[in-house]
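Please examine the structure shown here. A briefing on selected local features accompanies it.

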Amino acid sequence: MTAAQLRSTVATAEVGYRGGPPGWQTTYVASLVVADVVAALVGATVAFSYRFGELSVHNQLYIAMFGLLPLCWLVALAMNGGYEPRHLFVGTAEYQRVGRAAIALTASVAVISYAFELPTSRVYVLIALPVALLVSVLLRFLWRRWLHTVRSRGRCVRRVILIGHEGPVAVLTRQLRREHFHGLHVVGACLPGGRAVGPMLDFDAQVYGDFRDASTAVTAGRADTVIVLSCPELDGAALRRMAWQLERGDTELIVASALVDIGGARTSIRPVDGLPMLHLEHARLTGTRRLVKELFDRVVAGLLLVALSPVLAVIALLVRCTSTGGALFSQVRIGRGGQPFTIWKFRTMHANAPARLAALAKLNEADAVLFKMRSDPRVTPVGRVLRRFSLDELPQLWNVVRGDMSLVGPRPRCRLKWPITPSTCVVAWRSSRGSPACGRSRDAPTCRGMRRSDSTCDTSNIGRCHWIWSFWHARLPRYSDHRARTRSRPRIVLENDPGPLG
């Protein structure tokens, strides 16, 4: 866009454009306020009905709580950031603020009642506030689900201007347009040179100039958010000047980090001599945290085994009655620290599946490393149902009880059929977003991890795997990293065992 065209666009866009947060955001926050008032009224009603039952001269004072509790609840939520847009729309921060508000209000009531010797009913307080908390969380969750639904239709979104080099801007544009629930709609960009010459030509986003035209681009695109990507031209002084320009129109400024697939719990911002430094903690799970996690895994797995024992018995009976062979299938996998262990699954293939592998080799839809068929004739009818709903992995709860596996963690790898060396012991997978990540071997593997490595896996892009790691030098992942990798829905897991999987 030339300078003349940009001035013309700005002049047209300035008509009726006031800047600031979008109108839908104000309406959404107002809806949350109404929902929280309803939640407080429900809490007051339930507590009064349970504690007193009916109105009398002894409990007339608590009628005032129908007006006082909603007011105190709103004040507590506001003071704990329950209505700040940065905590809303996505993530768990919003619900954490609601929980903190409930704890703070409960503590405040207790302190005030003790200090002024008020005859406050403890039963009333311990019923009203938890009920208000649960109803508020439920209503906020329903509002968020509604917001994500309308965002998938292109409504209730923030109009975004991206600033950075063309390649990273194009990648972020593609990612934001794929994940609609974030509500970030790219309407334009500012690129070096002021025009697109490469991947940005594939998008309909307008280029409004170079880095110096950020404020003008906001007005021209009627944007309310600016995202700045990492680039050497935008140093601290340039970003500060840009922030000053955007403050005039109350435009939100976001600086995108170059870190990918890192859990939020591992990052923190700490000022160092006036400079905000992004600190990244090492992914370690040791000491008390590891003990608590292992204890939690084993207890929960044991309870699930007891609760699901009738289901396990029925599945085992179906497997035995519909095909020859045992009900369970075992295979040696590589677990924590590269140590082998035996994994258990319900058998989903015929007993002669290994002997039929050679005859089906020409129908392989993957490559020589991994055998894959979308309609594998070796899979039994019952096995197809078990694989579809992942019921064949229920026996792995026993592996969790034994400590071989974890409820959350990386997938266990098959044992290699050749000598283990740093150059041959590899595991690779590529996420559907194009961002690479890897499995690591020092943590206990999981029974439901990144993605199934059997027939439910999509092998259409198997030849495009581009990230190879040797677990010889692997590190220990934490749950937050695994959650970030799971969110990216990895498609391919290459394992050095072309044999069948139960």
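Predicted model: local features only at pLDDT ≥ 70, side-chain atom pairs only at ≥ 80, totals over all residues.

Residues are numbered from 1 along each chain as its sequence is written, and side-chain values use heavy atoms, with hydrogens and water left out.

**Helix α10**
- Helix α10 covers residues 309-322; helices are DSSP runs of H or I with at least four residues, strands are runs of E with at least two, and both are numbered from the N terminus.
- L312, I315 and V319 are buried in α10 (under 20% relative accessible area; exposed is over 50%, partly exposed in between, with a 1.4 Å probe and protein chains only).
- These three residues lie on the same side of α10 because they cover an arc of only 65° around the axis, taken from the directions from the helix axis to the C-beta atoms.
- The buried residues of α10 pack against α9 (287-307), β9 (340-346) and α12 (381-388).

**Residue S113**
- S113 belongs to helix α4 (residues 93-115) and is buried, at a relative accessible area of 12%.
- A polar atom of the S113 side chain lies 2.7 Å from the backbone oxygen of V109.
- Leaving aside residues up to four places away in sequence, S113 touches L118 and T120 (heavy atoms within 4.5 Å).

**Residue R333**
- R333 sits in strand β8 (residues 328-334) and counts as buried, at 1% relative accessibility.

Conventions. Polar contact = N/O pair within 3.5 Å; in protein donor to acceptor, adjacent residues only side chain to side chain. Expected span 1.5 Å × (residues − 1).
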